[in-house]
Amino acid sequence: AGDTYNTAVYMARLGLKTDYVTQLGDDPYSEQIMQRMDRENIGTSFIKQIPGRAPGLYIIRNRPDGEREFFYWRKEAPAREIFSSQEAADQLFKKLVDCNCVYLSGITLAVIGERSREYLYCALHKLRQQGVIIAFDSNYRPRLWNDKAEAQQAMLAIMQYTDIALLTLDDEKLLWGDDSIEGCKERYSAYMICELVLKRGADDAVIIKRGKEIRVPVPPVEGVVDTTGAGDTFNAGYLAARLQKKSVEEAAQLGIRCAGIIIRHRGAVIDKAIFDKELGA
């Protein structure tokens, strides 16, 4: 699992043609990741496998209330080098320009490093000019950053190239010390964000679109055991619906339904048959 991978899995399960972009090694674990993606109908043609390398590792530890702690071993992960040069970024741009939407997260920004982020921003700028929708979830994990100031600078920089911002107010509180709706609106008002989506756990989801505030209720969920992947799965439902021309209200409703399924099961990626059955119920 991993945040963007979780979203890719559920977007594919919701019927969208989905490809994943990363770098892996040629070790048995990288091969298993590739095989797993294939079983989930996620395209792997954008994935580069580097001889002699192995993927990064992280572990999630659950507390009794279902919330999580994160532990990382990612310093040697080949995914860190995906935007290591202007040439690499240009090559990736050529592959992505035919996509409808490119989705990435704050974890993407954290692992690639400061210099690579500049190459990424340039690629996103050109993609957006070509009509590709850029969707971003800040997904702030303090352990992955040198300090909070670096994370704040990177998060604001990428908002210049973001069409759909999918933010969690818990992350906003950690990053900025402010998790209010008004605070978020003010913080990002200078950016050309088409849809500012605020995920607030059990409280109404809030979408800011063209200055209008739209609230979508979150029905109560019984039997919550693990909140891992809830935001990622919401993102999948929201983006899948929007890319299928549904309204923002319908998109949020689907995202909420998807997240409500995941939090009643252990792990971010649950059995497909269980997900399909509960989504169809």
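Helices (H or I, at least four residues) and strands (E, at least two) are DSSP runs, numbered from the N terminus. The structure is a predicted model, in which local features need pLDDT of at least 70 and side-chain atom pairs count only at pLDDT 80 or more, while totals for chains, interfaces and linings use all residues. Residues are numbered from 1 along each chain as its sequence is written, and side-chain values use heavy atoms, with hydrogens and water left out.

**Aromatic pairs and a charge over a ring**

- The structure contains four aromatic pairs; rings of Phe, Tyr and Trp (its six-membered ring) pair if their centres lie within 6.5 Å, and planes under 30 degrees apart count as stacked, over 60 as edge-to-face and the rest as tilted.
- One of these pairs is formed by Y5 and Y20, in an edge-to-face arrangement with 6.2 Å centre to centre and 80 degrees between the planes.
- Because Y5 belongs to helix α1 (residues 3-13) and Y20 to the loop between β1 (18-19) and β2 (23-24), this pair ties together parts that are 15 residues apart in sequence.
- Y5 and Y20 are both buried; buried means under 20% relative accessible area, exposed over 50%, and partly exposed in between (1.4 Å probe, protein chains only).
- Y10 and F275 make a tilted pair, with 4.9 Å centre to centre and 55 degrees between the planes.
- Y10 lies in helix α1 and F275 in helix α11 (residues 272-280), so their pair ties together parts that are 265 residues apart in sequence.
- Y10 is buried, as is F275.
- K126 is placed over the face of F93, at 4.7 Å from the ring centre; a charge sits over a ring if NZ of Lys or CZ of Arg is within 6 Å of the ring centre and within 35 degrees of the ring normal.

**Salt bridges**

- The model has 18 salt bridges, a salt bridge being a side-chain nitrogen of Lys or Arg within 4 Å of a carboxyl oxygen of Asp or Glu.
- Among them is the bridge between K17 and D19, whose closest N and O atoms are 3.1 Å apart. D19 is partly exposed at 28% relative accessibility, whereas K17 is exposed at 77%.
- R128 and D163 also meet through their side chains in a salt bridge (3.0 Å, N to O).
- This bridge links distant parts of the chain, with R128 in helix α5 (residues 114-129) and D163 in the loop between α6 and β9 (164-168), 35 residues apart.
- R128 is partly exposed, at 21% relative accessibility, and D163 is buried, at 11% relative accessible area.
- In the salt bridge of R242 with E195, the closest N and O atoms are 2.5 Å apart.
- R242 is part of helix α9 (residues 230-243) and E195 is part of strand β10 (residues 195-199), so the pair ties together parts that are 47 residues apart in sequence.
- R242 counts as partly exposed at 21% relative accessibility, while E195 counts as buried at 4%.
- A network of salt bridges links E182, K185, E213 and R215.

**Cysteines**

- The count of disulfides is zero, where a disulfide is a pair of cysteine sulfur atoms within 2.5 Å.
- C122 is in no disulfide, and the nearest cysteine sulfur, that of C99, is 17 Å away. C122 is partly exposed, at 31% relative accessibility.
- C258 is likewise in no disulfide, and the nearest cysteine sulfur, that of C101, is 16 Å away. C258 is buried, with a relative accessible area of 0%.

**Backbone angles**

- N139 is not a glycine, yet it has a positive phi of about 35 degrees. N139 is in the loop between β8 (133-137) and α6 (148-159), and it is buried at 6% relative accessibility.
- R210, although not a glycine, has a positive phi of about 55 degrees. R210 is located in the loop between β11 (205-209) and β12 (212-216), and it is exposed, with a relative accessible area of 78%.

**A position in helix α4**

- V111 lies in helix α4 (residues 106-112) and is buried at 11% relative accessibility.
- V111 and K199 are 88 residues apart in sequence and 24 Å apart in space, C-alpha to C-alpha.
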